[in-house]
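The following exercises concern one protein chain. Please work through each task before reading its solution.

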Amino acid sequence: MWLTKSSVGRKVVMSLTGLFLILFITFHVLMNAVALVSMDAYEAICHFLGANWYALAGTAVIAAGVVLHIVYALWLTIQNRKARGNDRYAVSSRPKSVEWASQNMLALGIFVLAFMVLHLVQFWAEMQLPEIQERYLGDYTVDVLGGKEAIFAAFSCPWTLPIYLIGFAALWFHLTHGIWSAFHSVGTSNNVWLPRWKAISWWWATIVCGLFAVEAIVFTVMACGCC
């Protein structure tokens, strides 16, 4: 199949899954922004999602997107390294035309993945997973945290904020290259649009990651104020 047998097809799959995940990240940061305005509204959104069938279906789709993106990223990296062979060791300096992020996308992706795992442990494992156990497995011994409780529990830890800020920085680098590169791979850029996509990527990544950082700082202040 073209999407798996050719390098172009693999890039298209990685690009489309990446763009899908960017949309989810954007939704996520906007959902978190609701908590800055009203914790009650944020709780209502969390309750609406919860462990309902549509939320579980959405979680499954997002998880599939993450897995596909990682698998194809590793696949392309291995393929590129095999194609370049020992030539990749021949030049130690980076050309001025090559972005730092583009040469370190795999490392940035691994760091973002580790950060995502931590985030899942602090939130998904405390909110949706216990509700799944309670609703579908009949395990009423688990404690299901609300959105406000999960935020305060996570950000009351002194190490959460610095780790999150580092994670957002890695995500910023990953997105600034990944967004325009994805559009380029699916054939929507040319000499005119490539600079535009790069500018859009920078602004999108900066707004999203900047808002994430503001949310983390505010949540830390709120959590420490309630301790």
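Two residues are in contact when heavy atoms of theirs lie within 4.5 Å. The model is a predicted one.

**Exercise 1.** Leaving aside its neighbours within four places in sequence, determine which residues His 119 is in contact with.

*Solution.* First, locate the residue: His 119 lies in helix α6, residues 105-124. Next, apply the contact criterion while leaving aside neighbours within four places in sequence; His 28, Trp 124 and Tyr 164 remain as contacts of His 119. Finally, consider a C-alpha separation: His 119 and Thr 160 are 41 residues apart along the chain, and their C-alpha atoms are separated by 9.7 Å.

**Exercise 2.** Describe the secondary structure of the chain and the span of its C-alpha trace.

*Solution.* The secondary structure amounts to 10 helices and zero strands. Read along the sequence, this gives the pattern α-α-α-α-α-α-α-α-α-α. Along the principal axes, the C-alpha trace spans about 55 × 40 × 35 Å.

**Exercise 3.** Classify the crossing of α2 and α9, and state the make-up of their contact.

*Solution.* The axes of α2 (residues 7-37) and α9 come within 9 Å and cross at roughly 130 degrees. Angles from 65 to 115 degrees count as roughly perpendicular and those over 145 as roughly antiparallel; α2 and α9 are therefore oblique to each other. Their crossing is left-handed. In the contact, residues of α2 including Leu 19, Ile 22 and Ile 25 meet residues of α9, among them Leu 171, Leu 175 and Phe 183. The residues of this contact divide into nine nonpolar, three polar and one charged.

**Exercise 4.** How do α2 and α10 cross, and which residues meet there?

*Solution.* The axes of α2 and α10 (residues 193-225) come within 10 Å and cross at roughly 35 degrees. The crossing is left-handed. Among the α2 residues that meet α10 are Ile 22, Ile 25 and His 28, while the α10 side includes Trp 204, Phe 212 and Glu 215. By type, the contact residues comprise 12 nonpolar, three polar and one charged.

Conventions. Residues numbered from 1 in each chain as written. Predicted model: local features only at pLDDT ≥ 70, side-chain atom pairs only at ≥ 80, totals over all residues. Heavy atoms only, no water. Axes fitted to C-alpha atoms, helices over the stretch in contact; angles between N-to-C directions. Helix = DSSP H or I, 4+ residues; strand = E, 2+ residues; numbered from the N terminus. Parallel < 35°, antiparallel > 145°, perpendicular 65-115°, else oblique. Left-handed = near helix turned anticlockwise from the far one by under 90°. Nonpolar A, V, L, I, M, F, W, Y, C, P; charged D, E, K, R; others polar.
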